[in-house]
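Subject: Two-chain model, handover and notes

Hello,

The structure is below, followed by what was found in it. Please read the notes alongside the coordinates.

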Amino acid sequence: MSNVAWAATRLSPLRLAGLALLWWALAGGNAWAWGVPVILVTALTMPRSGLSRLRPLAFLAFLAFCPLALWLALRGGVQVALLACRPRLTLNTALIDHPWHCLPEGPGRLFMASLINLIPGTLTVRLAPDRLVVHVLHLTPATPRHLATLERRIARLHVTEKELD
Amino acid sequence: MTEGLALIAPWLIAAGVGFFLTGALGLWRFPDAYARLHALTKADNLGLGLLCLGLACQAASLSAALKLLLVWGLVLVASSIGATLIASTALARGLRPVTRRGSRRGARRGARRGSRDS
């Protein structure tokens with residue numbers, strides 16, 4: 001890749017806008033004389049994130065996915081709070097394997113492993129090439145199905161529907 | 001608008017404190033390190049989110065409010081990755097999860113698999 005093409009991928013409008021927003025929040029909207037060089041240097045040196053590797057148009061799908069992730073995080077917090085407040089602690093904890101069905105290797109799997117820690121009752125214990133080892137706080141028959149559904153949702157951000165089937 | 005936000009802010013902060021308390025209760029009551037990580041990554045993160053949201057409602061400027069929400073986002077990412085690192089290290093070192101029947105066979109199997117993978 002030539003130097004110009006390399007700089008063009010690093011200085012994409014989306015990346016610059018994100019860093020400018022970050023500077024605006026951190027500096028309270030001031031000190032742009034420092035901010036502009038910092039933003040440019042950061043954009044050039046920052047590695048490409050998993051977001052930039054999403055398939056075309058998947059960025060919008062990712063934005064639509066964010067409310068679902070927040071909703072799952074809310075349910076996860078409420079579930080743990082209710083379990084902790086029960087007079088008699090009746091947990092059905094278990095360590096289960098979730099074999100990868102459709103999510104390709106790469107940032108998608110890392111994203112799912114991190115997201116699992118925020119959703120109700122699941123905790124990633126090990127990320128292996130063929131499976132995810134998950135600690136479940138309160139195992140129900142539906143837990144493996146929920147994990148498979150989540151994997152499919154995340155896979156849609158990285159591969160096309162045709163590749164999924 | 002500002003008055004409305006100022007009205008809901010104390011409720012959000014109170015709810016956040018409530019979730020922090022239940023997270024601490026889970027940390028105290030849950031049987032092993034893995035279950036305690038659930039309390040720390042879920043209830044506490046939700047508590048922090050509500051606390052930051054409540055404080056953002058009272059912030060003097062939009063950039064200050066965004067800074068508070070940024071704190072929450074960074075803590076979400078850090079605690080999620082930190083929880084997996086702690087859990088995988090615990091499993092690799094042979095710390096067995098407590099299951100309902102007290103069986104630790106599954107955990108031993110997981111620990112063996114874990115050490116094979118690494």
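In chain B, 57% of the contacts between residues at least 6 apart in sequence join residues at least 24 apart; two residues are in contact if their C-beta atoms, placed from the backbone, lie within 7 Å. This is a predicted model, in which local features need pLDDT of at least 70 and side-chain atom pairs count only at pLDDT 80 or more, while totals for chains, interfaces and linings use all residues. Residues are numbered from 1 along each chain as its sequence is written, and chains are lettered from A and ligands numbered from 1 in the order in which they are written.

Chain B has four helices and zero strands, in the order α-α-α-α from the N terminus. Helices (H or I, at least four residues) and strands (E, at least two) are DSSP runs, numbered from the N terminus. Of its 118 residues, 35% count as buried, that is, with 20 or more other C-beta atoms within 10 Å of their own, again placed from the backbone.

For chain A, the domain assignment, automatic or from a database, gives domain 1 (3–47) and domain 2 (54–164). Their centres, taken over C-alpha atoms, are 32 Å apart.

Between the chains, 31 residues of chain A are in contact with 38 residues of chain B. Helix 4 of chain A gives the most to chain A's side, with eight residues. That side divides into 20 nonpolar, 10 polar and one charged. Here Ala, Val, Leu, Ile, Met, Phe, Trp, Tyr, Cys and Pro count as nonpolar, Asp, Glu, Lys and Arg as charged, and the others, Gly among them, as polar.

Leaving aside neighbours within four places in sequence, the contacts of Ala43(B) include Gly77(A), Val80(A), Phe19(B) and Gly23(B).

Helix 2 (residues 13–27) of chain A packs against helix 3 (residues 62–92) of chain B at about 105°, with axes 7 Å apart. Axes are lines fitted to C-alpha atoms over the stretch in contact, and angles run from 0 to 180 degrees between N-to-C directions. The two helices are therefore roughly perpendicular (65 to 115 degrees). Trp24(A), Ala25(A) and Leu26(A) meet Ser63(B), Leu66(B), Lys67(B) and Leu70(B) there.

Regards

Definitions and conventions. Parallel < 35°, antiparallel > 145°, perpendicular 65-115°, else oblique. Buried ≥ 20, exposed ≤ 12 C-beta atoms within 10 Å, placed from the backbone.
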